[in-house]
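The structure is shown first.

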Protein chains: 2
Amino acid sequence: MTDSKHTVNFVTPRKFIKTFKKDCKETFFPDEPFSKFRHDKLLQKVKKTIQYFIPIFEWLPRYNLHLFRYDVLAGITITSLAIPQGISYARLADLPPIIGLYSSFVPPLIYTVFGSSNNLAVGTVAACSLLMHETLGAVVSPKDDPTLYLHLIYTSTFFTGIFQTALGFCRLGILVDFLSHSTITGFMGGTAIIISLQQMKGILGLKHFTTRTDVVRVIQAIFHYRNEWKWQSFVAGLVFLCFLQVARYVRQRKPNLFWVSAISPMAVVAVGCLYAYLGDGEQHGIAIVGDLKKGLNPSSIHYLNFDSRYLPATIRAGAVTGLISMVEGIAIGRSFAIIKNEQIDGNKEMIAYGFMNIIGSLTSCYLTTGPFSKTAVNVNSGCKTPMANVVQGFCMMLTLLFLAPIFSYTPLVALAAIIMSAMLGLINYEEMYHLYKVDKFDFAICMAAFFGVSFGSMDIGLLLSVGLSLLRALLYVARPAACKLGRLPNTSLYRDTEQYPETMSLEGILVLQLGSPVYFANCSYIRESRILRYINEEDAVTEYRTEHILLDLSGVASIDMSGIDTFIELIRVLKGKHIKLGIVNPRIEVLEKMTLAKFVDVLGKKAFYLSIEEAIQSCRFTMDTSTKEEAWGSSKTEDVV
Amino acid sequence: MTDSKHTVNFVTPRKFIKTFKKDCKETFFPDEPFSKFRHDKLLQKVKKTIQYFIPIFEWLPRYNLHLFRYDVLAGITITSLAIPQGISYARLADLPPIIGLYSSFVPPLIYTVFGSSNNLAVGTVAACSLLMHETLGAVVSPKDDPTLYLHLIYTSTFFTGIFQTALGFCRLGILVDFLSHSTITGFMGGTAIIISLQQMKGILGLKHFTTRTDVVRVIQAIFHYRNEWKWQSFVAGLVFLCFLQVARYVRQRKPNLFWVSAISPMAVVAVGCLYAYLGDGEQHGIAIVGDLKKGLNPSSIHYLNFDSRYLPATIRAGAVTGLISMVEGIAIGRSFAIIKNEQIDGNKEMIAYGFMNIIGSLTSCYLTTGPFSKTAVNVNSGCKTPMANVVQGFCMMLTLLFLAPIFSYTPLVALAAIIMSAMLGLINYEEMYHLYKVDKFDFAICMAAFFGVSFGSMDIGLLLSVGLSLLRALLYVARPAACKLGRLPNTSLYRDTEQYPETMSLEGILVLQLGSPVYFANCSYIRESRILRYINEEDAVTEYRTEHILLDLSGVASIDMSGIDTFIELIRVLKGKHIKLGIVNPRIEVLEKMTLAKFVDVLGKKAFYLSIEEAIQSCRFTMDTSTKEEAWGSSKTEDVV
């Protein structure tokens, strides 16, 4: 069955520098970006490197009119969404509405040059707008000093850009991996709840409101100012909301009619503007946006404010919103890339977002990324390349140059309805239920974000949820799964005795499988609680005394000093109990360290086996021999007696 | 070879409550404390439970005169060490020297009742004394307001006790596991360096000194006050230090003469006192301790200070020193328990330390634990039970009642020499070199603590080092090891192709082994970088197109939602490439989640295999069939043509 020619391969440990290089490559360059043109000539290499770093050079030469037709349609559709969303989200961040329009002009153009996703539509996002408001509003009141507040927003956007670019250049895409899907689901749900509730201000036409963002305070504020409630506003809001929800329902039912949902916000704005302009809505309790000047983005370089009083807040807001917006963008980009069987590169995306925000912060834009809703509309409208963003930018330019003043009649209640409708779609009940059914810990992570955001603040929710995720990751390694193996009848397969109850135990031999790196956080647990406890249990249950213990290390990918020390101690403890230790199938990294730490010399190379079967045969052989010797010894004693 | 009767066991997933209970048990009660008397009668159970929680009831009934003789000898020996160490470390924390003596009276008695180690000798420790001084000295100057400072020390000791007791009751012994051996080695080394350097104040007889603890400031301070250097003090210090080092050397060479090293500090103190008393040392630049009153510990209940101004500092000092002293005590306790083949219980130890510090803080003691040096001397002197601590307490009581004033003549330079000599033994060069040879990352963790403590502060060093350890733990799981398996010639064993270069590749079948939990932090890496990259590499190298990919999940102990979503996406991606996915030997936890998440239904139960061999036979069969069909199909086409 097993060919005895093969033995465990005790290679000389690889040089540190070699394994270190390999580990660094795996950590920072898992995608091997340059492997594809390793064998090309120099000039070709330079060209491909430029194409690699600036993706537009890769796809633009192949661009043609056929693709352009699709992109124009998609671009126009997302513009019709970008105008109301831009104004709404800017108001969410307590910024002049025009900033929202500016932010849909420059950043999409930058993304077209550096972005690697064909599907992403660039724009502002609700959650980060609110988060910026929450963080910076605590330092400077947007009511009392709107200019300073605006400048801090630019500065914070600038830091977001620097942060994202730096992460991209340092190839720290790995950071994004630590915000799990469960965290995002909960965070989005919680954010949607509080943003929706806040929109009651616009729907009810309130003049005063709280700046707090937790559910309790917001609801309190709604009822506290009930003397300001305006029924006209409420009725208009309800109508708009119903219309938007019906449009969304139509899209869900008939995916071909996606454009109904896509242009519905624009329709709401148009109807609202008409009503406010013709019906003199302001007289009837319908407040409007007001004051939208014609003209393109002015420069905002000299507005960046690096005053040390505000620096901690701006840097913090920049880093947190940078991370969240990046995760949102990369997550949506990845989802559509998988559907379309394309590839996007997390690190390149970060750099693209970074440039987009740096240049944005210098041209009167605030934080942009790839929002869920807009990107989905973009894909549904048939976009083919990032050119759709250029079309969006161009349409927005025309709007800014000629149409902006029209939108100043947009009623606030229309914007509130648009935001609320968008937010209601972000609460993913099914996903939460699914998490609950399949993985309770993931559900807890999700709920931590959800309730943390709704009842605490966005930071608290995020920290709680990420903390729980990390705790789980650490528990995975601190309490590694180990199991006892038994032989499946009539085979040479050894499987978990709990999973396969038909397995047979091996008289006097205990086979344990460890399934995790062995290192400082789990080594004393492995020794004291797993291995020694299994021996005690085994001795209590069976009539045979355990004479051999075999550790199957196939699943142990890594070991550290404390782990090796633990094994050395284990040999000593087992010797006291007259039990022999055998190691089965150690992997290369583990064996290298064991060799370096002289563990192999202490245990002896003979105790390392390539397979469980081989190890058991060897153990049986020594047991037979010793039994015979004992028998011989005792009979001899009897003779003497 | 493989009996086809056995298949993967698709059990119904276990109830959540069942697995949750099991996980909790593994996390908090890995030692199954009550399993031993599960079948006893009620009265017996109560008795054994009391014995379990208060270990003295377990060993005292079995205690006899024979054991007592050993313990008396050990107790007297450790007292001779406790007096100079107590005074020295109290001075290190800038406390009245008598507090050090008080701390060697009450806490050892408490430990005797609750402690589970037969070897531990209770006393104050250098590192935590300094750490308390560093943290609390920053809030209240021990020079300007010694009374308040002393009260804060009591309060902080009280919090240490509360913290340790709470951790013990919550069964959070797991926290101790996160301070790795490498961290402790580096931390102790760094602390030893700065404490040694600080002793230059005593050795040189300086009156003024810095309160900073980093190497640079301390050396600056030594030279800044060079006009205060006293040669008499320096010569005496050098003589004492040489004597102590020789005594240590003797012990290392001849372990039987351990008592030479054990009583040498007491000898130094005795000689110093004699010299100071008879030779009027103070006139000749030899400062003495001064003012040690007779009498037992006074109560200090009413000195606990819960003023909110100082609370953050006292709580922080309490928690940090609590954790470190606990790790030091448990680590040394474990080491000796292993040597003597005994068992100690981390959680019980924590509770014992906690009670010891709570009651200590109420009786004018400061932080105590089981110090390395004292415990080693205790074991060498032949201690058998915690009774040695009672003897220590009794001797210390006699000292406090009758001998204390004698020790007021102890020269400071003698204490400095004692501390310095003890510290020099704590720098474990060999261990550091060993770490460097075997595991560079562990070495980096150790050096982070070492240099962090020496050049920054103790907090910085500890945080840096623990941070690096956690980072490593997270990297283990974020970048899991995966490897390609090949068949060893003439066997049915499949092993890593890198480790065993003689393995043969399997035409058209790619076998990958994953060796880590699959979850949010690594799932996109696993999919994009590992699995898909392996397929590309395989297709580039071999002439066969990959038709089947088999994932060996034997080493995957756990999976979360993101991991399962990744596998579901993987099926879709592979379908696009016309590659079939097979899962080999999923473990019970993984299979349960896969069933719940309907992954099993999506992939089909036929694609789950019990062994690689079985999977490959099945793949070969389908490949043969399809080749025949193709051949048949093409021949048919040819016929038509």
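A:Ile17 counts as exposed because 9 C-beta neighbours lie inside 10 Å. A:Ile17 belongs to helix 1 (residues 16-28) of chain A. Between A:Ile17 and A:Met397 there are 380 residues in sequence and 54 Å in space, C-alpha to C-alpha.

The model is predicted: local features need pLDDT of at least 70, side-chain atom pairs count only at pLDDT 80 or more, and totals for chains, interfaces and linings use all residues. Residues are numbered from 1 along each chain as its sequence is written, while chains are lettered from A and ligands numbered from 1 in the order in which they are written.

Helices are DSSP runs (H or I, at least four residues), numbered from the N terminus. In helix 19 (residues 412-424) of chain A, 12 of the 13 residues are buried, so the rest of the structure largely encloses this helix. Among them are A:Leu412, A:Ile418 and A:Met423.

Two helix pairs are set out below. Axes are lines fitted to C-alpha atoms over the stretch in contact, and angles run from 0 to 180 degrees between N-to-C directions.

| Helix pair | Axis separation | Crossing angle |
|---|---|---|
| Helix 10 and helix 12 of chain A | within 10 Å | roughly 15 degrees |
| Helix 4 and helix 14 of chain B | 8 Å | about 40 degrees |

Helix 10 of chain A is therefore roughly parallel to helix 12 of chain A, whereas helix 4 and helix 14 of chain B are oblique to each other. Angles under 35 degrees count as roughly parallel, over 145 as roughly antiparallel, 65 to 115 as roughly perpendicular and the rest as oblique. The contact in the chain B pair includes B:Leu81 of helix 4 and B:Met266 of helix 14; residues are in contact if their C-beta atoms, placed from the backbone, lie within 7 Å.

Chain B superposes on chain A by a rotation of 180 degrees with 0.0 Å of shift along its axis (RMSD 0.1 Å). That is the relation of a two-fold axis.

Terms used. A residue is buried if 20 or more other C-beta atoms lie within 10 Å of its own, exposed if 12 or fewer, and partly exposed in between; C-beta atoms are placed from the backbone. Helices (H or I, at least four residues) and strands (E, at least two) are DSSP runs, numbered from the N terminus. Copies are superposed by least squares on the C-alpha atoms of residues with pLDDT of at least 70 in both. Two residues are in contact if their C-beta atoms, placed from the backbone, lie within 7 Å.
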